[in-house]
Amino acid sequence: MKLHTAALRQDVEANSIFDTHPEVSLDFQHVQSALKKGYSKPFLLVDSNIVRTKARRFKAAMPRVHPHYAVKANPDPRVLKALIEEGVGFEIASISELDLLMELGVPAAEIYYSNPMKSREYLKYAASMGVEWYVLDSVEELRKIVSVKPDAKMYLRIDTPNIGSDWPLAGKFGTHAAEIEGIIAEAAALGADLAGVTFHVGSQCRNPQNWRVGIERAKKVFADMRGAGLTPRLLNIGGGYPVRHVKPIPSIEVIGEVVNEALADLPGDIRVMAEPGRYLVSDAAYFVCRVVGTATRNGKRWMYWDAGMFGGVIEVTEGLSYQIFSDRSGKSIPWSVAGPTCDSVDILMRDEMLPEDIEEGDFIYIPNAGAYTTAYASNFNGFPLPEVMVL
Ligand SMILES: *Cc1c(COP(=O)(O)O)cnc(C)c1O
């Protein structure tokens, strides 16, 4: 395998002092062995040992923080099993994620319902299955949860800066300072057990200071909660821990230093948890697909893969740059890359520098693609879902 120049692109930024994350990737030899058995459709090859290693590294970097994996990043049961065996808990957004975990024997008490908007039906189901902890970020959601489960333990999702995150989430969720007081007052008035605070710094967050700011804000909210007669017991520092693609990133150890320092004066009776998704699974897998054809349009080169934004390669359309490898070594030229469907949105990249000699039938290899790939894929236009293979 030859590296093409996009893979070597450094994208060195002013903040590259934070580029402290060592290279971790599935050994490419595993991909070659898998391909020897033939190829029928795009696949994700996951090494569950790397998933385990990442879980251990996360815990070592932040000894006080219990990781609860965000199931949506990669819900493959074999991945979940490896994490269960490593003692990792879970956070969910829906009841089918809950069912998946219960089938694998995860106790409901280890599962946190971290979607700030839950339907009444889903709440009833989760409550009946024994889920204890529920997030909220509005007075309406507080009342909804309490009306379904009066003894629910709840945590308030607050707004935090998403500066330096590839997917800023701020705006969609998170209570702003002006609304916090009203929610706390309503919880106290209802006699509800609002007992925690959470935040999400944004996915693929490359700025460790966002966690520090979130933790400092949470401490202030804890003080307000105590002032209203509530008993805070949970700090959930969310997800967002970044993985290696082409941009410089801070290591989990560097993030851990910032987090650990911010936690130093937090009372010992507050349980601290986090919700890593991408961090635990991304490095563990290669995504492999194939070029179905090439074309020249208006003087520009186009290639079409058998997996596009509906087939698992969707995060590129939201600003993520993957490393992309092929078996070709020709000079790099700008290509437009599209998926196999007929939808005009199914364009992955424009002016991506890739070898000029790529042609029909070539394989495309994307390392560190274990998160948010297969989980997003659909059968749109009749194309098959990528297969997940686990080592
Ligand atoms: C998606 C999500 C996560 C995981 O985010 P990553 O960026 O993959 O770490 C954690 N918590 C919540 C509430 C989420 O929605």
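Reply: Two packed helices are described by the angle between their axes and by the distance between those axes. In this predicted model, helix 3 (residues 48-61) and helix 10 (residues 252-263) have axes that come within 8 Å and cross at roughly 35°. The crossing of helix 3 and helix 10 is right-handed.

Me: Which residues make the contact between helix 3 and helix 10?

Reply: Helix 3 contributes Arg-57, Phe-58 and Ala-61, while helix 10 contributes Ile-252, Glu-253, Gly-256 and Asn-260. Sorted by class, the contact comprises three nonpolar, two polar and two charged residues.

Me: Let us turn to single residues. Is Thr-198 buried or exposed?

Reply: The cut-off for buried is a relative accessible area under 20%. Thr-198 has 4% relative accessibility, and therefore counts as buried. This residue belongs to strand 8 (residues 193-198).

Me: What does the side chain of Thr-198 reach at 2.7 Å?

Reply: That side chain reaches the backbone oxygen of Asn-236. Leaving aside residues up to four places away in sequence, Thr-198 touches Val-135, Tyr-155, Leu-156, Arg-157, Ile-158, Asn-236 and Gly-238.

Me: How many residues separate Ser-33 from Val-316 in sequence?

Reply: Ser-33 and Val-316 are 283 residues apart in sequence, and their C-alpha atoms are 27 Å apart in space.

Note on methods:
Residues are numbered from 1 along each chain as its sequence is written. This is a predicted model: local features need pLDDT of at least 70, side-chain atom pairs count only at pLDDT 80 or more; totals for chains, interfaces and linings use all residues. Side-chain values use heavy atoms; hydrogens and water are left out. Axes are lines fitted to C-alpha atoms, for helices over the stretch in contact, and angles run from 0 to 180 degrees between N-to-C directions. Helices (H or I, at least four residues) and strands (E, at least two) are DSSP runs, numbered from the N terminus. A crossing is left-handed if the near helix is turned anticlockwise from the far one by less than a right angle, and right-handed if clockwise. Contact means heavy atoms within 4.5 Å. Ala, Val, Leu, Ile, Met, Phe, Trp, Tyr, Cys and Pro count as nonpolar, Asp, Glu, Lys and Arg as charged, and the others, Gly among them, as polar. Buried means under 20% relative accessible area, exposed over 50%, partly exposed in between (1.4 Å probe, protein chains only). A polar contact is a pair of N or O atoms within 3.5 Å; within protein, one must be able to donate a hydrogen and the other to accept it, and residues adjacent in sequence count only if both atoms are side-chain atoms.
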